[in-house]
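User: I would like to go through a structure feature by feature. Please give the general idea where there is one, then the case at hand.

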Amino acid sequence: MTQICRLPAGGRIDRRTSLAFTFNGRRYEGHAGDTLASALLANGVDVVARSWKYHRPRGIVACGVEEPNAIVQLGVGADTVPNARATEVELYDGLVANSVNAWPSVDFDVMACASLFARFMPAGFYYKTFMWPKSFWMKYEHVIRKASGLGTCPTEPDPDHYDKMNVHCDVLVVGGGPAGLAAALAAGKAGARVILADEQGEFGGSLLSHRDVAAVAADPAADGAIDGALPMAWVAQTVARLQAMPEVRLLLRSTVFGYHDHNFLTVAERRTDHLPPAERKGPRERIWRVRAKQVVLATGATERPLVFGNNDRPGVMLASAVAAFLNRYGVAPGRRAVVFTNNDSAYRTALRLAAAGIAVAAVVDARRAPRGELPERVRKAGIEVIEHAVVVDTRGRRRVGAVDVMALDTRGTVAAGPVRTLPCDLVAMSGGWSPVVHLHAQSGGRPRFDPVKACFVPGAPVQAECSAGAANGSFALHACLTEGVAAGADAARRAGFTAATAAWTPTVEDAAEEPLAPLWVVPSPRGIERGPKQFVDLQNDVAASDIVLAAREGYHSIEHVKRYTALGFGTDQGKLGNVNGLAILAEALGNDIASTGTTTFRPNYTPVTIGAIAGPDLGELFEPVRRTALHAWHEEHGASFENVGQWKRPWYFPRPGEDLHAAVARECLATRKGVGIMDASTLGKIDIQGPDAARLLDWVYTNAWGKLGVGRCRYGLMLDENGMVLDDGVTTRLAEHHYLMTTTTGGAARVMAWLERWLQTEWPQLEVYLTSVTDHWATASVAGPDSRKVVQAVCDDIDFSPAAFPFMGCREGTAAGVPARVMRISFSGELAYEINVCANEARHVWEALMAAGTRYGITPYGTETMHVLRAEKGFVIVGQDTDGSVTPVDLGMDWIVAKDKDFIGRRSLSRADTARGDRRHLVGLLTDDPKAVLPEGGQIVTDARAQPPVAMHGHVTSSYFSACLERSIALALVRNGRNRVGEKVQVSTADGRTVPAAIARPVFLDPEGARQNA
Ligand SMILES: Cc1cc2nc3c(=O)[nH]c(=O)nc-3n(C[C@H](O)[C@H](O)[C@H](O)COP(=O)(O)OP(=O)(O)OC[C@H]3O[C@@H](n4cnc5c(N)ncnc54)[C@H](O)[C@@H]3O)c2cc1C
């Protein structure tokens, strides 16, 4: 027989549509409108999981995203989704799900033997136990990882696709319960562009779980009716009105998972997961990147569990979840219930259980004399209310079979007197409600503890947001609606819609509720640490005793206790357990809850799939491969390539029989003695125009730019705010208000973004326009003593004589008949020219240069030769000889730092640490053995035989064999290096040896610059 626990009537399910599904290899049936959780409960499946640490049997506890236990592996193969919450998974025909963290099965799990030793495995057990012998940790780790953990990641490529949308709106309303719907309607009526997002498959929020339609229909004025209508009829009307508004966008199955700066929010929309695989079309998920003028947070509240002995037995559930399974899904989660509460809301569940024909053994209420309207109704229904009492323990094997109830003493802090055992297979517990303040906290707000409501409520807003309804600590339906209307109208007004008014005052028949009595942990007759486990965080097996132990062991900050015990880890991120946990910690430390505070609420609110985050940026689109316009020529001429940023650059051009070293030696010698040619097209190029262009350069470079003449080039060094070298390159003044900046190959995008950021945020008054032209221009760098003759032959309308075209000059003309910009600049220390032409003409011009250079033995060279040539001259490569912690002074480049103007990073250069004279300086290193090439990254020490810890004096940043100098050379950052020239040091190698070397000046060749100025 299937669906043995399905009620004969009621719920929002479609009983005419049966759906088949498989759970742990067994076939079951459910209905359209079910979740996997409700369908499992309808089929009487009580054990759905094993706990993380002790492998105790676990059942479904909640009915929403806060579910800690029912974590399943969905689907198989490439489509599989790990760690899905069964309470969120909408049922479809053919669904396949499996439990995780159990072997061989969830019913018989071998690792359950761990629970026999639970007493010896408290918080910190792993840290304390697996310390010895030290080398065994890797083995322990392997076993521990196998024994714990949740789902399994798919190993095959994801066959689905995902996309992203950017959108602006006036008002984003998060949560489509009564408060959110009312807010969206009020803002929409004012004419605002509204987005309403809700994580569920239907709008209505908690109203979806209110008393079932038939029950309320019989008595429309009953509790929960809105303006005399059934709650869900009001929802349907409201949604229809919103749908009719052209400026309103409704997003279902859409979780707002991140609230970032500047009212930027991220939403994950699950578009097809609820459909059978054959019907899934289009992207599986979509990330919406929303920039909202105003945000209304109507995210509701989560019911808190109660912390009592063995409260993790299957059959122990949140009272609201029991009501939801009864009302929304037509499922009876048990046959005989005990309701355990400290507040009035759980009495609704007791009434609903009774109305569904489920015996309610008693309501156990921790309060002294609950006399509110709801308790009275329960009494009138003939249900016993056991006042000022608590459930101290549960009994049962696979699921709860009975509970032990004890009275509280007069102070309410000790469970005393005789134990009364109540047989039951269901415990509906309620410890009060916690507003969902996650997004408010992510936005920068600080939730504050409200001692009357005994919960954290939103604090003062930091961004343009407000909270409404249960999320704001206003739990009664009437308050939710009126706050929602006011919040929506206010948000629209603040977004500029002046006609916005909160016109509607709803009538709601609410039962008034009395205050709750906080109960963070049930007093255990045997004491917290000796009595049965009282679980606080079910997902991570954290018990009250673990938190008390952590406090005793010196962990006083809630953030530290979290790390020590695992409280609030995992998929639920402490949605159920955290508030109880921190209250227990506060009590253990003798503090109040407010000062103990919460852990940090970080995005993501609920887990987001990696597929959705990656979106369409996969494969080639994730990291595009960039090839220069000359790539084919390089391939045809046997180039070996290396990746530089996204670019493929020729590394060297080996001839038959040559390895890297032989090819580079040949290329270096050819360039120094005759002429070499290199494809420099990948250098970043930014076209800068506007009357304030020179001011921009002045502020981003350390040197002054105002006096640079038209047709002249200048080298510049760019610093970050900390005064550290960020990028470098040559900038040319092409016209009065027109410059061309070059950047490093890898830094091009970063520099462009850097300049735009400053222009847009700090200097919007500057009239400057930036255009990235990296791909537009191809660049051939021709270097060597014969370079002038080669370029003169190709660019016959430019006068290359030294007087007419000096070093650091720029001329415009033609190259092989093609318009060209020629700069006389040098990164090799040789006489050199960079010829820039439109990328489409690159090959034509390159081949003309090759033809003109044949008689001089022109030799193409790659990045490796470029590195050797520049190292011989002591020219730095940003990112290789610098690492974000190097100032211009460290590089010996104080000559480029202007004394009489401001620039980014200037202030930082005078900070005590940056201005220290003995920082690491760029120096040269010459090995005693001229053939020994030092390892890049090698650490520099002075005494190789010293006992550890050995003082490190610096490290090698660049190292090569120089064919021209017939010896090895290296650049290094060495502490106080400039003042230690001549000193002997040792450089350690990866195989444990040390190589002796001497500190030298960093320029090994032509220090006067005669060659480049020739
Ligand atoms: C079972 C049950 C029965 C009740 N019965 C009554 C009653 O009879 N009378 C009465 O007065 N009160 C009753 N209440 C209380 C009342 O319904 C709630 O306090 C009220 O509905 C809360 O409204 P809300 O709009 O603030 O939040 P909710 O109705 O809880 O709506 C919040 C919505 O936001 C969604 N959400 C949360 N976070 C996100 C996110 N990050 N992204 C997208 N969506 C998100 C949630 O899924 C939910 O749909 C009942 C509550 C429950 C649970």
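This is a predicted model: local features need pLDDT of at least 70, side-chain atom pairs count only at pLDDT 80 or more; totals for chains, interfaces and linings use all residues.

User: Let us start with the whole chain. How many helices and strands does the protein chain have, and what does its C-alpha trace span along the principal axes?

Analyst: There are 25 helices and 48 strands in the protein chain. Its C-alpha trace spans about 110 × 70 × 55 Å along the principal axes. The chain has 1014 residues, and 57% of them count as buried. Taking contacts between residues at least 6 apart in sequence, 66% join residues at least 24 apart.

User: Now helix packing. What describes two packed helices?

Analyst: Two packed helices are described by the angle between their axes and the distance between those axes. Take helix α19 (residues 660–673) and helix α24 (residues 863–873): they pack at an angle of about 55°, and their axes are 9 Å apart. That angle makes α19 oblique to α24. Their crossing is right-handed.

User: Which residues of α19 and α24 meet?

Analyst: From α19 come Leu660, Val664, Glu667, Cys668, Thr671 and Arg672, and they meet Glu864, Thr865, Val868, Leu869, Glu872 and Lys873 of α24. By type, the residues of this contact of α19 with α24 divide into five nonpolar, two polar and five charged.

User: How many of the residues of α24 are buried, and what do they pack against?

Analyst: Eleven of the eleven residues of α24 are buried, so the helix is largely enclosed by the rest of the structure. The buried residues include the charged Glu864, Arg870, Glu872 and Lys873. Packed against the buried residues of α24 are α19 and the strands β30 (640–644), β31 (647–652), β32 (676–679), β45 (954–962) and β46 (967–975). After α24 comes Gly874, with a positive phi near 75°.

User: Is the crossing of α7 with α8 left-handed or right-handed, and at what angle do they pack?

Analyst: Helix α7 (residues 319–327) and helix α8 (residues 345–355) pack at about 35°, with axes 9 Å apart. The crossing is left-handed. On the α7 side the contact is made by Ala319, Ser320, Val322, Ala323, Leu326 and Asn327, and on the α8 side by Ala346, Thr349, Arg352 and Leu353. The residues of the contact of α7 with α8 divide into six nonpolar, three polar and one charged.

User: What covers the buried residues of α7?

Analyst: Eight of the nine residues of α7 are buried, and the helix is mostly covered. Among the buried ones are Ala321, Ala324 and Phe325. Their cover includes α1 (36–42), β14 (301–303), β15 (316–318), α8 and β22 (426–430).

User: Next, the cysteines. How many disulfides does the structure hold?

Analyst: A disulfide is a covalent bond between the sulfur atoms of two cysteines. The structure holds zero disulfides. Cys668 is in none, and the nearest cysteine sulfur, that of Cys964, is 5.8 Å away; the cut-off for a disulfide is 2.5 Å. Cys668 counts as buried, at 1% relative accessibility, whereas Cys153 is exposed, with a relative accessible area of 60%.

User: Where is Trp763 found, and what does it touch?

Analyst: Trp763 is in the loop between α21 (748–761) and β37 (769–772). Its relative accessible area is 11%, and Trp763 is buried. Leaving out residues up to four places away in sequence, Trp763 touches Leu696, Trp699, Val700, Trp758 and Ile904. Trp763 and Leu696 are 67 residues apart along the chain, and their C-alpha atoms are separated by 8.8 Å.

User: Last, the backbone. Which residues are joined by a cis peptide bond?

Analyst: Asn604 lies in the loop between α15 (593–596) and α16 (610–614). Another cis peptide bond joins Pro948 and Pro949, with omega about -5°. Pro949 is in the loop between β44 (939–941) and β45.

User: And where do Asn24 and Asp541 lie?

Analyst: Asn24 is in the loop between β1 (14–23) and β2 (26–32). Although not a glycine, Asn24 has a positive phi of about 50°, and at 29% relative accessibility Asn24 counts as partly exposed. Asp541 is in the loop between β27 (535–537) and β28 (542–543). Its phi is also positive, near 55°, but Asp541 is buried, with a relative accessible area of 1%.

Methods. Residues are numbered from 1 along each chain as its sequence is written. Side-chain values use heavy atoms; hydrogens and water are left out. Axes are lines fitted to C-alpha atoms, for helices over the stretch in contact, and angles run from 0 to 180 degrees between N-to-C directions. Helices (H or I, at least four residues) and strands (E, at least two) are DSSP runs, numbered from the N terminus. Angles under 35 degrees count as roughly parallel, over 145 as roughly antiparallel, 65 to 115 as roughly perpendicular and the rest as oblique. A crossing is left-handed if the near helix is turned anticlockwise from the far one by less than a right angle, and right-handed if clockwise. Contact means heavy atoms within 4.5 Å. Buried means under 20% relative accessible area, exposed over 50%, partly exposed in between (1.4 Å probe, protein chains only).
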